[in-house]
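Dear colleague,

Please find below the structure that I am handing over to you. My notes on it follow directly after.

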Amino acid sequence: MHAEGSAAVLAVTDTGAAIKPHEHGHLFDLFFRGEAARHTGIPGNGLGLTAARAIVEQHGGTLTAGEPGSSADGTTTFTVRLPARRPVP
């Protein structure tokens, strides 16, 4: 985690099954599950990223995913940016 202007920024890199470029635009869609998750039996119902983005946005922030193919090893980095507040003394 680090500060970027008036925002607190947290980046998390997913090292699981690679996200295919054609799926990238759907990552935050309700009930979306990638091909790798569907074909390998990874449990889930496609709510996690949708819920995470909604929570972050309710706090005035953003949740984004790195561009597909931006990493040679197939990982994807998700970035949360939240408005930083001064700590209470």
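This is a predicted model: local features need pLDDT of at least 70, side-chain atom pairs count only at pLDDT 80 or more; totals for chains, interfaces and linings use all residues.

H24 is buried, with a relative accessible area of 13%; buried stands for under 20% relative accessible area, exposed for over 50%, and partly exposed for values in between, with a 1.4 Å probe and protein chains only. This histidine is found in the loop between strand 2 and helix 1. The side chain of H24 reaches the backbone oxygen of G66 at 2.4 Å. A polar contact is a pair of N or O atoms within 3.5 Å; within protein, one must be able to donate a hydrogen and the other to accept it, and residues adjacent in sequence count only if both atoms are side-chain atoms.

Residues are numbered from 1 along each chain as its sequence is written, and side-chain values use heavy atoms, with hydrogens and water left out.

Overall architecture

The chain contains 2 helices and 4 strands, and their order along the sequence is β-β-α-α-β-β. Helices (H or I, at least four residues) and strands (E, at least two) are DSSP runs, numbered from the N terminus. Of the 89 residues, 22% count as buried. Among the contacts with a separation of 6 or more, 47% are between residues 24 or more positions apart, where contact means heavy atoms within 4.5 Å.

The core and its surroundings

In soluble globular proteins, nonpolar side chains tend to be buried together. Here the largest nonpolar core has 8 residues: I19, L27, F28, V56, L63, A65, F78 and V80. Strand 3 and strand 4 (76-83) each supply at least two residues of this core. A nonpolar core is a set of buried Ala, Val, Leu, Ile, Met, Phe, Trp, Tyr and Cys residues joined through side-chain atoms within 4.5 Å.

Leaving aside neighbours within four places in sequence, V56 is in contact with G61, T62, L63, V80, R81 and L82. T76, found in strand 4, is buried at a relative accessible area of 9%. Beyond its neighbours within four places in sequence, T76 is in contact with V12, T13, D14, I19, A65 and G66.

The salt bridge

Which side chains meet in a salt bridge? They are those of E4 and R81, at 3.1 Å from N to O, and the structure holds 1 salt bridge. E4 lies in strand 1 (residues 2-4) and R81 in strand 4, so the pair ties together parts that are 77 residues apart in sequence. A salt bridge is a side-chain nitrogen of Lys or Arg within 4 Å of a carboxyl oxygen of Asp or Glu. E4 is partly exposed at 39% relative accessible area, and R81 is partly exposed at 30%.

Surface and loops

H59 is in the loop between helix 2 (48-58) and strand 3 (62-65) and counts as exposed, at 56% relative accessibility. A polar atom of the H59 side chain lies 2.9 Å from the backbone oxygen of I55. Apart from neighbours within four places in sequence, H59 is in contact with L82 and P83. The C-alpha atoms of H59 and R81 are separated by 9.9 Å, and the two residues are 22 residues apart along the chain.

F31 has a positive phi of about 70° although it is not a glycine. This residue lies in the loop between strand 2 and helix 1 (35-40) and is exposed, with a relative accessible area of 55%.

M1, L10 and V12 form a nonpolar surface patch with about 320 Å² of accessible area together. Patches are made of residues with over 30% relative accessible area and no salt bridge; like charges are joined within 9 Å, and nonpolar side chains (Val, Leu, Ile, Met, Phe, Trp, Tyr) within 5 Å. L10 is placed in strand 2 (residues 7-14) and is partly exposed at 34%.

Lastly, R85 is found in the segment after strand 4 and counts as exposed at 78% relative accessibility. R85 and A8 are 77 residues apart in sequence and 8.8 Å apart in space, C-alpha to C-alpha.

With kind regards

How values were computed: Accessible areas come from the Shrake-Rupley method with a 1.4 Å probe; for residues, only the protein chains shown count as cover.
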